[in-house]
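I opened my notebook to look up a few things in one structure. The entries below follow the order in which I went.

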Amino acid sequence: MNARGIAINVGLAALYSVVFAQCYDLFLYRHYEYVGYALYSRSTAFIALSYLMAVAPVALYRGPNAISSVVSVFVYLLLYVPIIVTFARGSSLPVGQIALIQTTFMAGMALLFLADLVIVRSPFSLDGGVDLLPMILGLTVAGTLYMMVVYRGNLTLPSFGAALYEERFAKESLGAGLATRYISSWLATVLVPLCFAYALAAGKRSYFLAATAACLVLYMAAANKIVILLPFVYVGFYVLVRHRVRFIFPVLGSALAILISALILTADPDGPSWVVASILLNRTIGNGGQITMAYYDFFAVHPQTDYSHVTGIRLLTHSYPYGDLQLGQVIGQFYWSPFMNANANFWATDGIAAMGLAGVAVVSVVCALLFAAMNSVTRTYDTLFVVLAFIPFVITLLNQSLFSSIWSGGAFFLLLFFLFNKRNGAITQRLAGDA
């Protein structure tokens, strides 16, 4: 990327950071103070320094050279900027300690933007010679039929709101079996994404219909609102970036800045836009910063896990210090209610909860290595197809542990697909710069 492109991205990052700060002051703090958003008076110099740290990593972004570059854009916009701004505006810690926290996250974000510099090439051709996409379609249909059989007689269309959670709780025992849990998880994070990606990138209508039907059945079975929104997410994202993949940072950054600004100005607790504003501004964007700060405050005075919250690693460390409670339940019950499960992003769970600030550095390195592996096995594929396939992984990464994202978020199985699939001309060799 040339100097002009970098300057445009840095300017947009500054604008986005200011817009989110206004969102924090005028929307999140004003309407959601009761859930933990606070607002402290800070010096102009400290706020300026915080903005500088919010913007600085973008200078290392060089365009969508690989899948890691695109995932890093999502991490930056939806997680990193909210973390930096939330600690600056809402933390009661001394400003020197806040600056240290922000610097640690800045280094981690910079590392993720640099992951595309690592190029690993296999000396062997791992192309299995078999087009796996028809198999993906068949497995999607089979998985959907399996869910219909398991939940037969209990398939309903719950509305959003309290009824949704009541429906989910009522059906929880039906999906408790190991096979059902794995099939529903992999259907949502591996099979459906690949079907949507192929349908949109290569114009395959049957794949889109199969994926949409699977989303509908999963929603009717388990009342998972994220799944029912996937068809809209995919179509919206495709329309937004299909001919502009190489401009994905300015496109997404400016779209979010405009949307956030519009919602701040129009959101009224008694108006129709309130639900959209609450979901996007509080649950989707603002929540990442606030939950991360809650994890930091809690694990600064309570035992850290030393990665014992990760099942496999637990064998190499000590016992998990919080019994049968998941990390999200520990934080949710401490700060909010006995029924709250405050799931959090990879920096909070595998960083702060595991080892404090040192853990943020550790998990950033591990995440960068995962990104390098993703880059290596997807390098010959169409950028748009790869990005579409990894959307649920990105959602999981922003809300759960990195290790959970690899397994339940589908990254491991997506890597296997890209590693062994026969190269299909419809989804290969079209680089971001040519999209």
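How do the residues of the lining of the largest cavity divide into nonpolar, polar and charged? I found 7 nonpolar, 1 polar and 1 charged.

Notes on the source. The model is predicted, and local features need pLDDT of at least 70, side-chain atom pairs count only at pLDDT 80 or more, while totals for chains, interfaces and linings use all residues. Residues are numbered from 1 along each chain as its sequence is written, and side-chain values use heavy atoms, with hydrogens and water left out.

Entry on cavities. I counted 2 cavities of 30 Å³ or more. A cavity here is a set of points, on a 1 Å grid over the protein atoms alone, where a 1.4 Å probe fits but cannot get out; lining residues have an atom within 4 Å of a point. A volume is the space filled by probe spheres set on the points, which are joined across faces, edges and corners.

The largest cavity holds about 60 Å³ of space. I listed its lining as A21, I47, S50, Y51, A54, I84, V85, A88 and R89. Helix 2 (44-55) and helix 3 (67-90) are the elements that give two or more residues to this lining. Helices are DSSP runs (H or I, at least four residues), numbered from the N terminus.

The second largest cavity has about 30 Å³. Its lining is I67, V70, V71, F74, V387, F390, I391 and V394. Two or more of these residues come from each of helix 3 and helix 17 (391-397). Helix 3 gives the most, with 4 residues. I noted 8 nonpolar residues in this lining, no polar and no charged.

Entry on salt bridges. I looked for a side-chain nitrogen of Lys or Arg within 4 Å of a carboxyl oxygen of Asp or Glu. The count is 2 salt bridges.

One joins the side chains of R89 and D25, at 2.7 Å from N to O. R89 is in helix 3 and D25 in helix 1 (residues 3-32), so this pair ties together parts 64 residues apart in sequence. R89 and D25 are both buried, a word I use for under 20% relative accessible area, with exposed for over 50% and partly exposed in between (1.4 Å probe, protein chains only).

R62 lies in the loop between helix 2 and helix 3, and D116 in the loop between helix 4 (95-113) and helix 5 (133-150), so parts 54 residues apart in sequence are tied together. I wrote R62 down as partly exposed because its relative accessibility is 22%. D116 went down as buried because its relative accessible area is 8%.

I found a nonpolar patch of about 530 Å² made by L178, Y182, W407, F412, L416 and F420. Such a patch takes residues with over 30% relative accessible area and no salt bridge, with nonpolar side chains (Val, Leu, Ile, Met, Phe, Trp, Tyr) joined within 5 Å. Areas come from the Shrake-Rupley method with a 1.4 Å probe. Helix 7 (178-202) and helix 19 (411-420) each supply at least two residues of the patch, and helix 19 gives the most, with 3.

Terms used:
On a 1 Å grid over the protein atoms alone, a cavity is a set of points where a 1.4 Å probe fits but cannot get out, and a pocket is an open set with protein on both sides within 12 Å along at least five of seven lines; lining residues have an atom within 4 Å of a point. Ala, Val, Leu, Ile, Met, Phe, Trp, Tyr, Cys and Pro count as nonpolar, Asp, Glu, Lys and Arg as charged, and the others, Gly among them, as polar. Patches are made of residues with over 30% relative accessible area and no salt bridge: like charges are joined within 9 Å, nonpolar side chains (Val, Leu, Ile, Met, Phe, Trp, Tyr) within 5 Å.
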